[in-house]
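Open the model in your viewer and keep the selection tool at hand. Each stop below says what to select and what is there.

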Amino acid sequence: AWTVTETFDIKNDIIDFAKLRASWGVVGNDAPLFATTSYFNVATNGGDGFIGGTVFPGFGATAFERSTQLGNNQLVPEETATIEFGIDMDLFEGKVGLDVTYYDAETTDQIISVQVPASTGFTNLIQNAGVISNKGWEIQADWSVMDRGDFKWDMAANWTTYESIVEELAPGLETISLAGFTSTSSRVVAGEPFGAIYGSAFQKDAQGRTLIDANGYPIQDPDVQVVGDPNPDWTAGIRNTFTYKDFSVSALIDIRQGGDVWCGTCGIIN
(Lines give C-alpha, C1' and ligand atoms only; values in the text may rest on other atoms or scores of the structure.)
Protein backbone atom coordinates (compact mmCIF):
# COMPACT_ATOMS: atom_id res chain seq x y z
CA ALA A 1 0.00 0.00 0.00
CA TRP A 2 1.10 3.58 -0.68
CA THR A 3 -0.28 6.51 1.29
CA VAL A 4 -0.15 9.25 -1.33
CA THR A 5 -1.12 12.08 1.01
CA GLU A 6 1.86 11.35 3.26
CA THR A 7 4.36 11.02 0.41
CA PHE A 8 3.43 14.35 -1.16
CA ASP A 9 2.30 16.04 2.08
CA ILE A 10 -1.14 16.80 0.63
CA LYS A 11 -3.23 19.02 2.90
CA ASN A 12 -6.31 20.84 1.62
CA ASP A 13 -10.05 21.18 2.19
CA ILE A 14 -10.91 18.41 -0.29
CA ILE A 15 -8.52 15.47 0.16
CA ASP A 16 -7.77 14.40 3.74
CA PHE A 17 -6.37 10.96 3.01
CA ALA A 18 -5.57 8.89 -0.08
CA LYS A 19 -4.03 5.42 -0.25
CA LEU A 20 -3.34 3.18 -3.24
CA ARG A 21 -3.23 -0.55 -2.55
CA ALA A 22 -2.54 -3.79 -4.37
CA SER A 23 -2.59 -7.39 -3.23
CA TRP A 24 -2.18 -10.91 -4.53
CA GLY A 25 -3.05 -14.12 -2.78
CA VAL A 26 -3.89 -17.78 -3.18
CA VAL A 27 -6.35 -19.63 -0.96
CA GLY A 28 -7.46 -23.24 -0.99
CA ASN A 29 -10.83 -24.88 -0.46
CA ASP A 30 -11.22 -28.51 0.51
CA ALA A 31 -13.79 -30.98 -0.79
CA PRO A 32 -17.07 -31.65 1.07
CA LEU A 33 -17.11 -34.20 3.85
CA PHE A 34 -17.00 -37.86 2.68
CA ALA A 35 -16.51 -36.83 -0.98
CA THR A 36 -13.47 -39.09 -1.35
CA THR A 37 -15.14 -42.36 -0.42
CA SER A 38 -18.33 -44.29 -1.14
CA TYR A 39 -20.30 -44.76 2.06
CA PHE A 40 -23.55 -46.05 3.52
CA ASN A 41 -26.37 -43.94 4.98
CA VAL A 42 -29.12 -44.82 7.41
CA ALA A 43 -31.85 -46.30 5.21
CA THR A 44 -35.18 -44.56 4.67
CA ASN A 45 -38.49 -45.84 3.44
CA GLY A 46 -40.09 -42.95 1.51
CA GLY A 47 -43.73 -42.01 1.92
CA ASP A 48 -46.21 -41.12 -0.80
CA GLY A 49 -46.46 -37.41 -0.12
CA PHE A 50 -49.32 -37.82 2.34
CA ILE A 51 -47.88 -40.44 4.68
CA GLY A 52 -44.42 -39.78 6.08
CA GLY A 53 -41.55 -42.15 5.43
CA THR A 54 -39.71 -44.33 7.91
CA VAL A 55 -36.13 -43.70 8.99
CA PHE A 56 -34.31 -46.75 10.34
CA PRO A 57 -33.73 -48.07 12.91
CA GLY A 58 -37.43 -48.74 13.26
CA PHE A 59 -39.81 -51.59 14.01
CA GLY A 60 -36.99 -53.51 15.65
CA ALA A 61 -34.86 -53.48 12.52
CA THR A 62 -31.71 -51.61 11.49
CA ALA A 63 -30.98 -50.92 7.85
CA PHE A 64 -28.43 -49.02 5.76
CA GLU A 65 -28.28 -48.12 2.09
CA ARG A 66 -25.40 -47.06 -0.11
CA SER A 67 -25.14 -43.38 -0.94
CA THR A 68 -25.85 -42.40 -4.55
CA GLN A 69 -22.62 -40.37 -4.54
CA LEU A 70 -19.57 -42.19 -5.88
CA GLY A 71 -16.43 -41.57 -3.85
CA ASN A 72 -13.47 -39.94 -5.62
CA ASN A 73 -10.09 -40.51 -3.98
CA GLN A 74 -8.37 -38.44 -6.70
CA LEU A 75 -9.83 -35.14 -5.44
CA VAL A 76 -7.43 -32.29 -4.72
CA PRO A 77 -8.28 -28.95 -3.05
CA GLU A 78 -9.39 -26.19 -5.40
CA GLU A 79 -7.25 -23.05 -5.45
CA THR A 80 -8.29 -19.44 -6.03
CA ALA A 81 -5.64 -16.90 -7.03
CA THR A 82 -6.78 -13.29 -6.67
CA ILE A 83 -5.17 -10.01 -7.67
CA GLU A 84 -6.72 -6.79 -6.38
CA PHE A 85 -6.14 -3.07 -6.89
CA GLY A 86 -7.84 -0.26 -5.02
CA ILE A 87 -7.87 3.25 -3.64
CA ASP A 88 -9.12 4.48 -0.25
CA MET A 89 -9.94 8.16 0.26
CA ASP A 90 -11.29 10.48 2.95
CA LEU A 91 -12.68 13.75 1.62
CA PHE A 92 -14.06 17.07 2.86
CA GLU A 93 -12.66 16.91 6.38
CA GLY A 94 -13.74 13.31 6.91
CA LYS A 95 -17.35 13.81 5.89
CA VAL A 96 -17.05 11.55 2.83
CA GLY A 97 -15.26 8.20 2.52
CA LEU A 98 -14.61 6.40 -0.76
CA ASP A 99 -13.29 2.88 -1.44
CA VAL A 100 -12.85 1.66 -5.03
CA THR A 101 -11.62 -1.89 -5.76
CA TYR A 102 -10.98 -3.94 -8.89
CA TYR A 103 -10.39 -7.67 -8.52
CA ASP A 104 -9.56 -10.56 -10.82
CA ALA A 105 -9.81 -14.10 -9.43
CA GLU A 106 -9.32 -17.50 -11.04
CA THR A 107 -10.28 -20.77 -9.43
CA THR A 108 -8.53 -23.90 -10.69
CA ASP A 109 -9.54 -27.49 -9.96
CA GLN A 110 -13.06 -26.21 -9.19
CA ILE A 111 -14.90 -28.81 -7.09
CA ILE A 112 -18.32 -29.53 -8.59
CA SER A 113 -20.80 -32.40 -8.34
CA VAL A 114 -21.01 -34.13 -11.75
CA GLN A 115 -23.72 -36.52 -12.92
CA VAL A 116 -22.71 -40.10 -13.79
CA PRO A 117 -24.74 -42.81 -15.58
CA ALA A 118 -27.18 -44.54 -13.23
CA SER A 119 -25.96 -47.87 -14.64
CA THR A 120 -22.86 -47.42 -12.43
CA GLY A 121 -25.04 -47.75 -9.34
CA PHE A 122 -24.51 -44.09 -8.49
CA THR A 123 -25.96 -40.79 -9.73
CA ASN A 124 -23.23 -38.23 -9.05
CA LEU A 125 -19.51 -37.81 -8.47
CA ILE A 126 -17.69 -34.85 -6.92
CA GLN A 127 -14.59 -34.01 -8.95
CA ASN A 128 -12.17 -31.27 -9.94
CA ALA A 129 -14.16 -30.15 -12.94
CA GLY A 130 -12.63 -27.00 -14.38
CA VAL A 131 -11.44 -23.40 -14.20
CA ILE A 132 -13.74 -20.49 -13.23
CA SER A 133 -12.80 -16.79 -13.50
CA ASN A 134 -14.41 -13.96 -11.55
CA LYS A 135 -13.61 -10.30 -12.11
CA GLY A 136 -15.36 -7.10 -11.24
CA TRP A 137 -15.54 -3.73 -9.48
CA GLU A 138 -16.65 -2.84 -5.96
CA ILE A 139 -17.32 0.76 -4.90
CA GLN A 140 -18.24 1.77 -1.36
CA ALA A 141 -18.96 5.27 -0.10
CA ASP A 142 -20.10 6.79 3.18
CA TRP A 143 -21.30 10.31 3.84
CA SER A 144 -21.97 12.18 7.05
CA VAL A 145 -24.98 14.10 5.78
CA MET A 146 -25.80 15.95 9.00
CA ASP A 147 -24.30 16.26 12.47
CA ARG A 148 -26.24 18.62 14.72
CA GLY A 149 -25.22 17.60 18.21
CA ASP A 150 -27.78 15.07 19.42
CA PHE A 151 -29.02 14.37 15.90
CA LYS A 152 -26.96 12.66 13.17
CA TRP A 153 -27.75 11.44 9.68
CA ASP A 154 -25.28 9.04 8.02
CA MET A 155 -25.53 7.48 4.58
CA ALA A 156 -23.61 4.51 3.17
CA ALA A 157 -23.80 3.07 -0.33
CA ASN A 158 -22.16 0.26 -2.28
CA TRP A 159 -22.17 -0.77 -5.94
CA THR A 160 -20.80 -3.98 -7.44
CA THR A 161 -20.51 -5.44 -10.90
CA TYR A 162 -18.83 -8.73 -11.74
CA GLU A 163 -18.48 -11.39 -14.41
CA SER A 164 -18.24 -15.11 -13.67
CA ILE A 165 -17.10 -17.17 -16.68
CA VAL A 166 -16.37 -20.89 -17.06
CA GLU A 167 -12.95 -20.84 -18.71
CA GLU A 168 -12.58 -24.59 -19.20
CA LEU A 169 -13.88 -27.95 -18.04
CA ALA A 170 -12.00 -31.13 -17.22
CA PRO A 171 -11.25 -33.50 -20.13
CA GLY A 172 -14.30 -35.52 -21.09
CA LEU A 173 -16.78 -33.00 -19.70
CA GLU A 174 -18.87 -30.87 -22.06
CA THR A 175 -21.57 -29.70 -19.67
CA ILE A 176 -22.47 -30.01 -15.99
CA SER A 177 -26.09 -29.66 -14.88
CA LEU A 178 -26.52 -27.68 -11.66
CA ALA A 179 -30.31 -27.65 -11.40
CA GLY A 180 -33.46 -27.81 -13.48
CA PHE A 181 -35.28 -30.25 -15.71
CA THR A 182 -34.89 -31.80 -19.15
CA SER A 183 -36.49 -28.76 -20.79
CA THR A 184 -34.78 -25.94 -18.90
CA SER A 185 -31.71 -26.18 -16.70
CA SER A 186 -28.84 -24.25 -15.14
CA ARG A 187 -25.51 -25.52 -16.47
CA VAL A 188 -21.76 -25.16 -16.34
CA VAL A 189 -20.42 -24.92 -19.90
CA ALA A 190 -17.00 -23.72 -21.05
CA GLY A 191 -17.11 -20.19 -22.45
CA GLU A 192 -20.45 -19.34 -20.83
CA PRO A 193 -21.37 -17.57 -17.57
CA PHE A 194 -21.42 -19.88 -14.55
CA GLY A 195 -24.93 -21.29 -14.15
CA ALA A 196 -26.13 -20.17 -17.60
CA ILE A 197 -29.78 -21.07 -18.22
CA TYR A 198 -30.30 -23.46 -21.15
CA GLY A 199 -33.63 -24.16 -22.76
CA SER A 200 -35.67 -24.39 -25.95
CA ALA A 201 -35.68 -21.49 -28.41
CA PHE A 202 -37.21 -20.59 -31.75
CA GLN A 203 -35.28 -20.87 -34.99
CA LYS A 204 -34.02 -17.59 -36.43
CA ASP A 205 -32.96 -16.45 -39.88
CA ALA A 206 -29.75 -14.57 -40.68
CA GLN A 207 -31.41 -11.30 -39.66
CA GLY A 208 -32.55 -12.64 -36.28
CA ARG A 209 -36.21 -12.98 -37.22
CA THR A 210 -38.24 -15.92 -35.86
CA LEU A 211 -39.10 -18.55 -38.48
CA ILE A 212 -42.79 -19.41 -38.89
CA ASP A 213 -44.22 -22.68 -40.21
CA ALA A 214 -47.06 -23.09 -42.71
CA ASN A 215 -49.64 -22.92 -39.92
CA GLY A 216 -48.32 -19.63 -38.57
CA TYR A 217 -46.56 -21.03 -35.51
CA PRO A 218 -42.90 -20.37 -34.53
CA ILE A 219 -40.52 -23.22 -35.40
CA GLN A 220 -38.69 -24.66 -32.39
CA ASP A 221 -34.94 -25.13 -32.69
CA PRO A 222 -34.00 -28.81 -32.21
CA ASP A 223 -31.00 -27.87 -30.05
CA VAL A 224 -31.15 -26.24 -26.62
CA GLN A 225 -29.53 -22.82 -26.36
CA VAL A 226 -28.45 -20.30 -23.77
CA VAL A 227 -31.67 -18.45 -22.96
CA GLY A 228 -30.58 -16.58 -19.85
CA ASP A 229 -27.78 -15.48 -17.54
CA PRO A 230 -28.65 -15.65 -13.81
CA ASN A 231 -25.80 -13.30 -12.86
CA PRO A 232 -26.91 -9.67 -12.34
CA ASP A 233 -25.47 -6.78 -14.35
CA TRP A 234 -24.84 -4.99 -11.06
CA THR A 235 -26.01 -4.84 -7.47
CA ALA A 236 -26.20 -1.90 -5.08
CA GLY A 237 -27.25 -1.01 -1.59
CA ILE A 238 -28.09 2.29 0.12
CA ARG A 239 -28.40 2.59 3.89
CA ASN A 240 -29.57 5.64 5.81
CA THR A 241 -29.03 5.80 9.57
CA PHE A 242 -30.68 8.43 11.75
CA THR A 243 -29.41 8.82 15.31
CA TYR A 244 -30.87 10.91 18.09
CA LYS A 245 -28.88 10.67 21.30
CA ASP A 246 -28.75 6.91 22.11
CA PHE A 247 -31.57 5.93 19.74
CA SER A 248 -30.99 5.10 16.07
CA VAL A 249 -33.10 3.96 13.13
CA SER A 250 -31.76 2.69 9.81
CA ALA A 251 -33.31 1.79 6.46
CA LEU A 252 -31.71 -0.28 3.70
CA ILE A 253 -32.52 -0.27 -0.01
CA ASP A 254 -31.18 -3.36 -1.82
CA ILE A 255 -30.99 -3.17 -5.63
CA ARG A 256 -30.29 -5.95 -8.14
CA GLN A 257 -30.22 -4.97 -11.80
CA GLY A 258 -30.36 -7.67 -14.47
CA GLY A 259 -29.98 -11.41 -14.08
CA ASP A 260 -32.49 -13.86 -15.56
CA VAL A 261 -34.84 -16.10 -13.58
CA TRP A 262 -36.66 -19.13 -14.97
CA CYS A 263 -40.22 -19.56 -13.69
CA GLY A 264 -41.42 -23.13 -14.17
CA THR A 265 -44.85 -22.41 -12.75
CA CYS A 266 -45.27 -19.53 -15.22
CA GLY A 267 -44.37 -21.90 -18.07
CA ILE A 268 -47.07 -24.38 -17.03
CA ILE A 269 -49.73 -21.72 -16.55
CA ASN A 270 -48.98 -20.04 -19.86
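The tour starts with confidence, then goes through salt bridges, aromatic rings, strands and a few backbone angles.

**Stop 1: confidence**

This is a predicted model, so begin by colouring the chain by pLDDT. The average over the protein chain is 91, and 98% of the residues score at least 70.

**Stop 2: the salt bridges of arginine 21**

Select arginine 21 and aspartate 88 and show their side chains. They form a salt bridge, with N and O 3.1 Å apart. Arginine 21 belongs to strand β2 (residues 15-29) and aspartate 88 to strand β8 (residues 78-91), so this pair links distant parts of the chain, 67 residues apart. Are these two residues buried or exposed? Both arginine 21 and aspartate 88 are buried.

Aspartate 99 has a relative accessibility of 24%, so it counts as partly exposed.

Arg21, Glu84, Asp88 and Asp99 are then all on screen, and they are linked in a network of salt bridges.

**Stop 3: another salt bridge**

The model has 5 salt bridges by the rule used here. One of them joins the side chains of arginine 209 and aspartate 205, at 2.8 Å from N to O. Aspartate 205 counts as partly exposed because its relative accessibility is 24%.

**Stop 4: aromatic rings**

How many aromatic pairs are there? The count comes to 4. A pair of aromatic rings is described by the distance of the centres and the angle of the planes. Select tyrosine 102 and tryptophan 137, which form a tilted pair: the centres are 5.1 Å apart and the planes are at 55 degrees. Tyrosine 102 is in strand β9 (residues 96-115) and tryptophan 137 in strand β10 (residues 124-148), so the pair ties together parts that lie 35 residues apart in sequence. Tyrosine 102 is partly exposed, at 24% relative accessibility. Tryptophan 137 is also partly exposed, with a relative accessible area of 43%.

Next select arginine 66 and phenylalanine 122. Arginine 66 lies over the face of the phenylalanine 122 ring, at 4.4 Å from the ring centre.

**Stop 5: an open sheet**

Switch to a cartoon view. Select β12, β13, β14 and β15, which form an open sheet in that order, with antiparallel pairing. Which are the edge strands? They are β12 (176-180) and β15 (225-228), each of which pairs on one side only. On average, neighbouring strands of this sheet are turned by 45 degrees against each other, direction ignored.

Zoom in on β12 and strand β13 (residues 185-188), which run antiparallel and are joined by 4 bridges. Here alanine 179 has serine 186 in β13 as its bridge partner.

**Stop 6: around β16**

Select strand β11 (residues 151-169) with strand β16 (residues 234-244). These strands run antiparallel, and 10 bridges join them. Look for alanine 156, which stands opposite arginine 239 in β16.

Isoleucine 238 is opposite isoleucine 253 in β17. The hairpin of β16 and β17 has 2 residues between the strands, and lysine 245 in this hairpin takes a positive phi near 55 degrees.

**Stop 7: two aspartates with positive phi**

Select aspartate 9, in the loop between α1 (4-7) and β2. Its phi is near 50 degrees, a positive value in a residue other than glycine. Aspartate 9 counts as exposed, at 55% relative accessibility.

Finish at aspartate 109, which is in strand β9. Aspartate 109 is not a glycine either, yet has a positive phi of about 55 degrees. With 35% relative accessibility, aspartate 109 counts as partly exposed.

Conventions: Residues numbered from 1 in each chain as written. Predicted model: local features only at pLDDT ≥ 70, side-chain atom pairs only at ≥ 80, totals over all residues. Heavy atoms only, no water. Phe/Tyr/Trp six-rings, centres within 6.5 Å; stacked < 30°, edge-to-face > 60°. Buried < 20%, exposed > 50% of the residue type's maximum accessible area, 1.4 Å probe, protein only. Lys NZ or Arg CZ within 6 Å of the ring centre and 35° of its normal. Pairing = 2+ DSSP bridges. Axes fitted to C-alpha atoms, helices over the stretch in contact; angles between N-to-C directions. Salt bridge = Lys/Arg side-chain N within 4 Å of Asp/Glu carboxyl O. pLDDT = per-residue confidence, 0-100.
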